[in-house]
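Colleague: I'm new to reading protein models. Could you walk me through a few features?

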Amino acid sequence: MAKDVKTAAFAGGAVVGALGGLIGLGGAEFRLPLLIGVYGFGALSAVIMNKAMSLIVVAFSLPFRASSVPFGVVAGSWPILANILAGSLFGAWFGADWATKLKSKTLFRTIAALLVVMAVVLLFGHGVHGQEAPPLTGPPQMVAGVAAGFAIGVVAALMGVAGGELLIPTLILLFGVDIKLAGSLSLAISLPTMLVGFARYSRDGSFSVIREKREFAVAMAAGSIIGAFVGSLLLGLVDEDILLPVLSLILVVSAFKVWKHE
């Protein structure tokens, strides 16, 4: 692979990683239109590459957060983890299965629609900081948790995202956990959910794009990790009231371009 292509992959990963670090997400929703519109990946190949990058970022982020949210605290919330995973694992398999069967044009348009959803969630859901008590308890809460997990698993598989932008508000609003714990629980849920999606994609040989583009993947992964670290250092220096609307607009514009993509 040409050096300039690897440099571009590293730079793209760094920019996306920095955005993710600034807003507390993996940045996969910004990486996906970049893979399609700038690097020329097909719809399914872009989703799988995006999922690989998301998996790496999440895998690094979970131990990085251990100093503020110890693993023991995360493990102590195993009922919540089990509840969401009961839906998200099935959702990830279903979403990946669906993605491999969709025509490329249909998948592009599905991704475009989901990018708009992500823009709305980013704009209106990122300011959620917790509440004193969850709105549901007992069996109704469990059913809602499984349903939410399934929907998030489908979206994560279709877009190759970790799903934190959807998981964190769900954990806060449905289970009443604080925002720091919600972030770590989101990462703990995302890892097995993404692995299930990978397992389904590998059955059809779709995973081969990672082997074919491994130098590109390594360069982008390195940029993503460094960018996420830099973005986390800049956290608090940029006003979210300005940043989030701008990023949401970027997602909407990207959605339009992906929708029209041939």
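This is a predicted model: local features need pLDDT of at least 70, side-chain atom pairs count only at pLDDT 80 or more; totals for chains, interfaces and linings use all residues.

Colleague: Where is Ala156 placed, and what does Ala156 touch?

Modeller: Ala156 sits in helix α7, residues 138-159. Leaving out residues up to four places away in sequence, Ala156 touches Lys51 and Val161. Val47 is 109 residues away from Ala156 in sequence, yet their C-alpha atoms are 9.4 Å apart.

Colleague: What span should α7 have?

Modeller: You count 1.5 Å a residue, so the 22 residues of α7 should span 32 Å; the end C-alpha atoms are 32 Å apart, which agrees.

Colleague: How many salt bridges does a search of the whole structure find?

Modeller: The search finds 3. For a salt bridge, you look for a side-chain nitrogen of Lys or Arg within 4 Å of a carboxyl oxygen of Asp or Glu. Lys6 and Glu215 make one at 3.9 Å, N to O. That pair links distant parts of the chain, helix α1 and helix α11, 209 residues apart.

Colleague: Which residues are linked in a network of salt bridges?

Modeller: Asp97, Lys101 and Arg200. Asp97 meets Lys101 at 3.1 Å, and both lie in helix α5, about one turn apart. Arg200 meets Asp97 at 2.6 Å. Arg200 lies in helix α9 and Asp97 in α5, so this pair ties together parts 103 residues apart in sequence.

Colleague: Are Arg200 and Lys101 buried or exposed?

Modeller: Arg200 is buried, as is Asp97, while Lys101 is exposed at 62%.

Note on methods. Residues are numbered from 1 along each chain as its sequence is written. Side-chain values use heavy atoms; hydrogens and water are left out. Helices (H or I, at least four residues) and strands (E, at least two) are DSSP runs, numbered from the N terminus. Contact means heavy atoms within 4.5 Å. The expected span of a helix is 1.5 Å times one less than its number of residues. Buried means under 20% relative accessible area, exposed over 50%, partly exposed in between (1.4 Å probe, protein chains only).
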